[in-house]
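The exercises below ask for a careful reading of one model, each followed by a solution in steps. Please keep the sequence and the coordinates at hand while working through them.

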Amino acid sequence: MILNEYSWIFKNSLPKHICEHIIKYALNKAIVKGTTGDRNKGNIRNSHVVWNNEPWINDLLMQYIRAANQDAGWNFNIDDNENVQFTIYDKDQYYSWHVDAWEKPYGKSSKYPGKIRKLSASILLNDDFEGGDFEFNLRNHDHENNIFPINHSKNTGTVIVFPSHILHRVNKVTAGTRYSLVCWALGKQFQ
């Protein structure tokens, strides 16, 4: 799929006091080891997560996703989203190259039958860490020459929205702890 925009960024959009409130809220919930949907990919991820279905957090992220969907000109049909993931990357933790989309829609027995991930959003909640850069790889011909760091990805309150099939990663955190929220907007399979 050829797109005019591969991401849409809202720089420093979420106020710092709201970011701090979300961090405090999430750290009081059950923290589990982050996993990937494809168990055959090996160890591409080392992080911890808190799953969140708090309506106000969900609505907040979906506002950014809907705005980016329109402003970037994607105009994907989205009508649902998965629970929001609060992600914790401590020193030496990371998430290697991956895409958020699946090859097939969710099955009939899932919570989202017939739907696929179309847009992903990531909100950085703090900036007092080192490393942990967010990068895209547009995978043209030469793998390493198509890596695009997101220059604003280390600014508190910055929201990055992108199509879920875009290859991306979070580099290893070298000092401190990186906190972020991730959300996936869903819709019927592309036609």
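A charge sits over a ring if NZ of Lys or CZ of Arg is within 6 Å of the ring centre and within 35 degrees of the ring normal. The model is a predicted one, in which local features need pLDDT of at least 70 and side-chain atom pairs count only at pLDDT 80 or more, while totals for chains, interfaces and linings use all residues. Residues are numbered from 1 along each chain as its sequence is written, and side-chain values use heavy atoms, with hydrogens and water left out.

**Exercise 1.** Determine which ring Arg117 lies over, and at what distance from the ring centre.

*Solution.* Arg117 is placed over the face of Trp184, at 4.0 Å from the ring centre. A further case is Lys118, which lies over the face of Phe190 at 4.6 Å from the ring centre.

**Exercise 2.** Classify the ring pair of Trp51 and Trp184.

*Solution.* Rings of Phe, Tyr and Trp (its six-membered ring) pair if their centres lie within 6.5 Å, and planes under 30 degrees apart count as stacked, over 60 as edge-to-face and the rest as tilted. The count by this rule comes to 9 aromatic pairs. For Trp51 and Trp184 the centres are 6.2 Å apart and the planes stand at 40°, so this pair is tilted. Trp51 belongs to strand β4 (residues 48–52) and Trp184 to strand β15 (residues 178–188), so that the pair links parts of the chain 133 residues apart, strands (E, at least two residues) being DSSP runs numbered from the N terminus. With buried meaning under 20% relative accessible area, exposed over 50% and partly exposed in between (1.4 Å probe, protein chains only), Trp51 is partly exposed at 46%, whereas Trp184 is buried at 5%. By contrast, the rings of Phe134 and Phe136 have centres 5.3 Å apart and planes at 85°, so they form an edge-to-face pair, and both residues are buried.

**Exercise 3.** Describe the setting of strand β7 (residues 94–98) and the partners of Tyr95.

*Solution.* Of the 5 residues of β7, 4 are buried, so the strand is largely enclosed by the rest of the structure. Two strands pair if DSSP finds at least two bridges between them. Strand β3 (residues 45–46) runs antiparallel to β7 and is joined to it by 2 bridges, with Arg45 as the bridge partner of Tyr95. Strand β13 (residues 167–170) also pairs with β7 in the antiparallel sense over 2 bridges, and here Tyr95 stands opposite Val170.
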